[in-house]
Amino acid sequence: MGTVHDVYGWTNVHAHINMSADEAYALTDKRSPHALYELMLMSAGDTPQPGLHDHSPEFGRALGVIAARFAEHCRAYELSPVVSWSYDPHTVDRESIQGEKRFHAHLVGRTHAERAAVAGRAVRAGRLSTVRSRRIVEEASVLGALISADIVDGDALRVLEPVPALSTPTATATAQFRLPQGWESLTSPDLPADLAYIHRKLRRMYDEILRVCTTGTAGMWRRPMVREFDPQQIDVPLRAATRAALAHYLRALRPELLSEPVERSRTAFVYPLADLAYAVTIAEQEGQVFLHLRTNVFSDLGGAGISIMDGVIVKTKKGVGDMSPAEIAARAAFQGDFLRMLHRHPQAARALFPRL
């Protein structure tokens, strides 16, 4: 969606809030729904900006208020809220975890039936085929959890509380952070700064890996190649075990350089994404709310394709599909009720007039 006109052409816009000449957001319906009960918040400035950190703190605070109020709305509907977004602005020659490069956050309410289905079908990742497991939790996701634990200083965070890496199943597949005040933590004006800080740390780590361990550049059907390297030269403070795991991972990579597109199943598993890529998911687990950050190198599944429900990592096989007239009406009522609640809420000014 290169222009704001495209946002209106491809979605049903419920609200459009301007912050400046080049920054705005739109609350929209989604043309291809991921769930029956959902909304999407999309960056709607003149210039597409892919990351939350690319936007102003006011934009981030508006997102936080809307997400917190969406979670409150879901509780009134007896739904389980999940909020997610992805960052992968540079992958354009294969499937990407951020197919639409404008920043957009998915706000989804899952039903009791959906949660029960997930609980009933959940299996350990080790029982899945290698290909299926890698799409859901690739090796880089686990490595990212280890690296994040080393490079993110918990004392520098004002809202998020890091969960020790590998201490829980989800903290093994993602970098997991607790929101101490639950969904209300999203309304903290300090949360956007926490997320920008984590992004800067990941950016620094990724750039160091490229500098020390690879040769060449990324381009259309072109990726850097791993070369001989000394992991001690990666100028980022890592524990010895993390540094060794990173070196083992990089030296084992054998990506095939492809000169032209081939079948999707091949590119998704052997041809890397073009640059730093990660997905963020915020969800409830055992009475608490956590933010999960999952790094991607090969898998094309972002924050909407891979969700977390009650601590179970879930691949969304397909969206809601064709909706009946009754379901369409229920979806419209859910969205309309949310917009009315948001307008009446004491925090409405922070979401609807973020510059004031």
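This is a predicted model: local features need pLDDT of at least 70, side-chain atom pairs count only at pLDDT 80 or more; totals for chains, interfaces and linings use all residues.
**Helix packing and selected residues**

Residues are numbered from 1 along each chain as its sequence is written, and side-chain values use heavy atoms, leaving out hydrogens and water. Helices (H or I, at least four residues) and strands (E, at least two) are DSSP runs numbered from the N terminus.

**H2 and H10**

- The axes of H2, which covers residues 57-76, and of H10 come within 10 Å and cross at roughly 125°; such axes are lines fitted to C-alpha atoms, for helices over the stretch in contact, with angles from 0 to 180 degrees between N-to-C directions.
- On the H2 side, Ile-66, Arg-69, Phe-70, Glu-72, His-73 and Cys-74 meet Phe-334, Asp-337, Phe-338, Met-341 and Leu-342 of H10, where contact means heavy atoms within 4.5 Å.
- By class, the contact of H2 with H10 holds seven nonpolar, one polar and three charged residues, with Ala, Val, Leu, Ile, Met, Phe, Trp, Tyr, Cys and Pro counted as nonpolar, Asp, Glu, Lys and Arg as charged, and the others, Gly among them, as polar.

**H5 and H8**

- Helix H5 (residues 139-151) packs with helix H8 (residues 240-252) at an angle of about 150°, and their axes are 10 Å apart, so the two helices are roughly antiparallel to each other.
- The crossing of H5 past H8 is left-handed.
- H5 contributes Glu-139, Ala-140, Leu-143, Leu-146, Ile-147 and Asp-150 to the contact, and H8 contributes Thr-242, Ala-245, Leu-246 and Tyr-249.
- These residues divide by class into seven nonpolar, one polar and two charged.

**Two buried residues**

- Arg-331 belongs to helix H10, which spans residues 325-344, and at 3% relative accessibility Arg-331 counts as buried (buried is under 20% relative accessible area, exposed over 50% and partly exposed in between, with a 1.4 Å probe and protein chains only).
- Leaving aside residues up to four places away in sequence, Arg-331 touches Asp-29, Lys-30, Pro-33, Ala-35, Leu-36, Tyr-37, Glu-38 and Met-323.
- The side chains of Arg-331 and Asp-29 are joined by a polar contact of 2.7 Å, that is, a pair of N or O atoms within 3.5 Å, of which, within protein, one must be able to donate a hydrogen and the other to accept it, residues adjacent in sequence counting only if both atoms are side-chain atoms.
- Ser-299, in the loop between strand E11 (288-295) and strand E12 (306-309), is also buried, at a relative accessible area of 2%, and its side chain reaches the backbone nitrogen of Leu-301 at 3.4 Å.

**Positive phi outside glycine**

- Glu-286 is not a glycine, yet has a positive phi of about 55°; Glu-286 lies in the loop between strand E10 (278-285) and E11 and is exposed, with a relative accessible area of 76%.
- Asp-310, likewise a residue other than glycine, has a positive phi near 55°; Asp-310 is in the loop between E12 and strand E13 (312-315) and counts as partly exposed at 36% relative accessibility.

Notes:
Angles under 35 degrees count as roughly parallel, over 145 as roughly antiparallel, 65 to 115 as roughly perpendicular and the rest as oblique. A crossing is left-handed if the near helix is turned anticlockwise from the far one by less than a right angle, and right-handed if clockwise.
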